[in-house]
Amino acid sequence: MTSKKNSSEIDLTEIREYHSSSGGLFFKVKNLLYSHRSPYQRIEVIENEYFGKMLLLDGLVQTTERDEFCYHEMLVHPALITHPSPKDILIIGGGDGAALKEILLYPVERLWLVEIDSQVIEASKNFFPWLSPALEDGRVELTIADGEEFIHKINRKFDVVLVDSSDPVGPSSRLHEEDFYRDLKSRLNPEGVVVTQLGSPFYHLEELKKKSVFLDKIFEVARFYTGPVPSYPGGIWCYVYLSDKIDPLKLTREPPGGLKYFNQKIHKKAFSLPNFLKDKLELDEEDELRE
Amino acid sequence: MEEGFFYLETFTADFFRQLKVDKIYYQGKTEYQLVQLFHNRIFGKILFLDGKIQSAQIDEFIFHESLVHPALMTHVAPRKVLIVGGGEGATLREALRHSAVERAVMVDIDKKLVELCQEHMPEWSAGAFSDSRTQLIFGDARRYMERTEQKFDVIISDLTEPVKEGPSVYLFTKDFFEKIFNALNEDGVFVLQAGGTDPFYNRFFASCARTLEEIFPLVRPYWTFIFSFNNPWGFILASKKTDPLEQDEKVISERMRSRGIKGLKFYHPGFHQSLFSLPVYLIKALKKGKVLTDKNPFIWEA
């Protein structure tokens, strides 16, 4: 065990992501490819021997070349294989384009990507191969805007909305609040589905519990699910599936070929929560009667 | 970030974790391995052996419930259980929850480690070492398996990964698994912890499964996530006769009830079958596993 003097500032040899004052993950920097402060946040792209190219926002890992599929397949496919006919899709956030590429595997008709920070798009275009071709797809419309304002202004409804935001610090904080989900619901078609990432079921469990309480009030169906992401703190991530009509365990189509993490059995497994998460997140009948 | 003492854990040469050390309970070498036991505010007490995390107080229940209950629930009447390794005593604790268990033998090579665990982390064993059904044997599992004439219903392998010159290298080979097979009753079940199952480091898991397939008619790999390992983790259930996938929610509920099992924090009847659902990359990785033998064992490289 060693004594170390610590600094949360990036240096050229190592990225240190602290999840609390009691510890964090370190990523050795082979190359610092991009470092920039946008009006919204600090943006870095580094190259790490293990994870490949990594995008960090305000020092937190968002996407890595080698394990992004774990996160993005779990964000996208559960909604897309259960909605009866997903035609109009909205992604809020997701400026790295990786959720976009997953959705384009389906015959969707129109796809809006609403990212607040144009410089995340520019950095991702330069370093992640999937973004530029996806943006050239005729179905895709990129809008640089605040997700909440976009929802207020847009005069149309969506079949599937994915909230691919960063954590509730910085520009994404509003996207984690109750009002935002009420607004989102008003932009959904009757059979619409919302999926959003909710952070770590370990480090963020108390916030998860708070969200589960208001999400249960807003949507008929609010089902939590999980999947691993090795580069994220704790290695496992939590998502929520929200709808008024659709049962997330009733599949309407097979997932596309060529996926690396997701399959139908994994879909079911993801929604099957262990006791300690069930107890925390799933309201039982007694709880519902009490309300 | 605070000042203080930190433990730097190497996942790979390019990926690390740092944990703040609030208190050191023990740090030193036993006859067999380097033991580091300390306290961290988030994870509670944490045990490292030869620099690899074994368990953390906050989520050790995930590892130990995942290791023990799928196998014991697959067996219709597990009366005699053998645990190989399992120094912390939590595997024993979980096995003894099943009232069907009449005798649980635990064989661990490292007496000093077991004593340290009893002294500094009694929450893990929670009285299991003094249960009248427990027999604790200090010795080499390999020699025990060669000499014992006892037969078991369930054998649980809770060993450290086979690090170079560590005590576990020859406990993950076809030669050893054959001895396990022979010490099982005809409807016996074997389960082992089989290392990480992330998309990059899963060769050990795949090779253990491949090796067991040489011996057992039914081999069912499964996995779960363990926060304190920062990794999805693999286990393999190998069975002589009973398929764990055929034990449905109703069967398992009934067994839990009749064995008086209550208060689990992780495993439940509706969760049992889903543990065995594997991601695409792992199904592919399993096809590339190699047969491990005493001549060609697996040596874990950090």
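This explanation considers the salt bridges, the cysteines, a patch of charge and some backbone angles in turn. The model is predicted, so that local features need pLDDT of at least 70 and side-chain atom pairs count only at pLDDT 80 or more, whereas totals for chains, interfaces and linings use all residues. Residues are numbered from 1 along each chain as its sequence is written, chains are lettered from A and ligands numbered from 1 in the order in which they are written, and side-chain values use heavy atoms, with hydrogens and water left out.

Side chains of opposite charge can pair when their charged atoms come close. A salt bridge is defined here as a side-chain nitrogen of Lys or Arg within 4 Å of a carboxyl oxygen of Asp or Glu. Over all chains, the count by this rule is 24 salt bridges. One of them joins Glu68(A) to Lys101(A), with the closest N and O atoms 2.9 Å apart. Glu68(A) belongs to helix α1 (residues 68-80) of chain A and Lys101(A) to helix α2 (residues 98-103) of chain A, so the pair ties together parts that are 33 residues apart in sequence. Helices (H or I, at least four residues) and strands (E, at least two) are DSSP runs, numbered from the N terminus. Glu68(A) is buried, its relative accessible area being 6%. The term buried means under 20% relative accessible area, exposed means over 50%, and partly exposed lies in between (1.4 Å probe, protein chains only).

Another salt bridge of chain A links Glu178(A) and Arg182(A), and its closest N and O atoms are 2.9 Å apart. These two residues are separated by about one helical turn, because they are 4 residues apart in helix α6 (residues 178-186) of chain A. Glu178(A) is partly exposed at 27% relative accessibility, and Arg182(A) is partly exposed at 41%.

In chain B, the side chains of Glu60(B) and Arg93(B) form a salt bridge of 2.8 Å, N to O. Glu60(B) lies in helix α1 (residues 60-74) of chain B and Arg93(B) in helix α2 (residues 90-96) of chain B, so this pair ties together parts that are 33 residues apart in sequence. Both Glu60(B) and Arg93(B) are buried. A network of salt bridges links Glu60(B), Arg93(B), Glu94(B) and Arg97(B).

The cysteines come next. The structure holds 0 disulfides over all chains, a disulfide being a pair of cysteine sulfur atoms within 2.5 Å. Cys70(A) is in no disulfide, and the nearest cysteine sulfur, that of Cys238(A), is 16 Å away. Cys70(A) is buried, at 0% relative accessibility. Cys238(A) is likewise buried, at 1% relative accessibility.

On the surface, Lys260(A), Lys284(B), Lys287(B) and Lys288(B) gather in a patch of positive charge. Patches are made of residues with over 30% relative accessible area and no salt bridge, like charges being joined within 9 Å and nonpolar side chains (Val, Leu, Ile, Met, Phe, Trp, Tyr) within 5 Å. Lys260(A) is found in the loop between β14 (236-243) and α8 (264-271) of chain A, and this lysine is partly exposed, with a relative accessible area of 42%.

Finally, two residues of chain B concern the backbone. Ala126(B) is not a glycine, although its phi is positive, at about 45 degrees. Ala126(B) lies in the loop between α4 (122-125) and β9 (134-138) of chain B and is exposed, with a relative accessible area of 53%. Glu165(B) has a positive phi near 65 degrees. This glutamate lies in the loop between β10 (152-158) and α6 (174-182) of chain B and is exposed, at 76% relative accessibility.

Technical notes. Accessible areas come from the Shrake-Rupley method with a 1.4 Å probe; for residues, only the protein chains shown count as cover. Lys and Arg count as positive and Asp and Glu as negative; His and the chain ends are not counted. The place of a charge is taken as NZ of Lys, CZ of Arg, CG of Asp or CD of Glu.
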